[in-house]
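My notes are below the structure.

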Amino acid sequence: MKYFVFLLPLMLLSGCAKFPKYQTPFSVEDPSIKGEKLFANGTMISSTQKRYWYSYRYALEKGGYTVTDDASFPFFKTTGFTAPVEDKDANYQFWKEGQAYARSLCSDFFRRISLAKAHRDHAKKQTNIAGGIITAGMGLASASPEAVGGTGLLFSGAESSFDAYNASYLVTPDLGLMEALVRAVQNKKDETITKDDLPHVSDAINQLNEYVYPCTFTGMQALLDDSLGKKVTEFGYEPFSP
């Protein structure tokens, strides 16, 4: 029994943290903040990433900034500024490349969290089955009540750790609906942006940051809260105000 008592807290503290395939990235990579790919990989995403950085350099140069080659990624750096120049075409191209890059990263993010959740759900079910078989076998073998209870507690704790992980790192278990909502908001954002909205590079960066936001953890939480609020309003419920 003492071994179970010793193992249980260790198991609960580690949870899914020791098993990479069960881990969910907390949030999507934001090109407007960093720009390097941390999780996504592949020929197309690598090409998209390069186009994003090339278009950013082009927009900087057209906007009056001095840009020089550099040995480290992204292989250029901003070294000066002459005078503000409006070049909506260059900024719009940067916005479109950034949009494509952000959309690909968002899609990969949902793919990864869906796969990790599937692994956790499978492990949770297997743990539940194993716990039932083992405790039943111990009962048939006339094991002591303390040992049977300790074993049941151990497997119950393991099952609860999966639930705790999902509650901490997933906005909602309905990932398909959440992704559809994020895409709908991003599509609406895309439809509202024109070249006239992007006179400067900074405008394109700001719009890109707004475009990525719905795919972040806090962005998805805000979308979920907003959707819930609209549903409550549709039913005619008026929040209580003292």
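**Entry 1, helix 2 and helix 6.** I note at the start that this is a predicted model. I looked up how helix 2, residues 43-62, lies against helix 6, residues 201-212. Their axes come within 9 Å and cross at roughly 145°. I then listed the residues that meet: Tyr52, Tyr56, Ala59 and Leu60 from helix 2, and Val201, Ile205 and Leu208 from helix 6. Sorted by type, the residues of this contact are seven nonpolar, with no polar and no charged ones.

I checked the span of helix 5, which runs over residues 175-192 and has 18 residues. From its first C-alpha to its last it reaches 26 Å, close to the 26 Å expected at 1.5 Å a residue. Next I asked which residues of helix 5 are buried. I found Leu175, Met178, Val182 and Gln186. They cover an arc of only 65° around the axis, so they sit on the same side of helix 5. On the other side I found Gly176, Leu177, Lys188 and Glu191 exposed.

I located Thr216 in the loop between helix 6 and helix 7, the latter being residues 217-234. Is Thr216 buried or exposed? Its relative accessibility is 13%, and buried means under 20%, so Thr216 counts as buried.

Key
Residues are numbered from 1 along each chain as its sequence is written. This is a predicted model: local features need pLDDT of at least 70, side-chain atom pairs count only at pLDDT 80 or more; totals for chains, interfaces and linings use all residues. Side-chain values use heavy atoms; hydrogens and water are left out. Axes are lines fitted to C-alpha atoms, for helices over the stretch in contact, and angles run from 0 to 180 degrees between N-to-C directions. Helices (H or I, at least four residues) and strands (E, at least two) are DSSP runs, numbered from the N terminus. Contact means heavy atoms within 4.5 Å. Ala, Val, Leu, Ile, Met, Phe, Trp, Tyr, Cys and Pro count as nonpolar, Asp, Glu, Lys and Arg as charged, and the others, Gly among them, as polar. The expected span of a helix is 1.5 Å times one less than its number of residues. Buried means under 20% relative accessible area, exposed over 50%, partly exposed in between (1.4 Å probe, protein chains only). The arc is that of the directions from the helix axis to the C-beta atoms.
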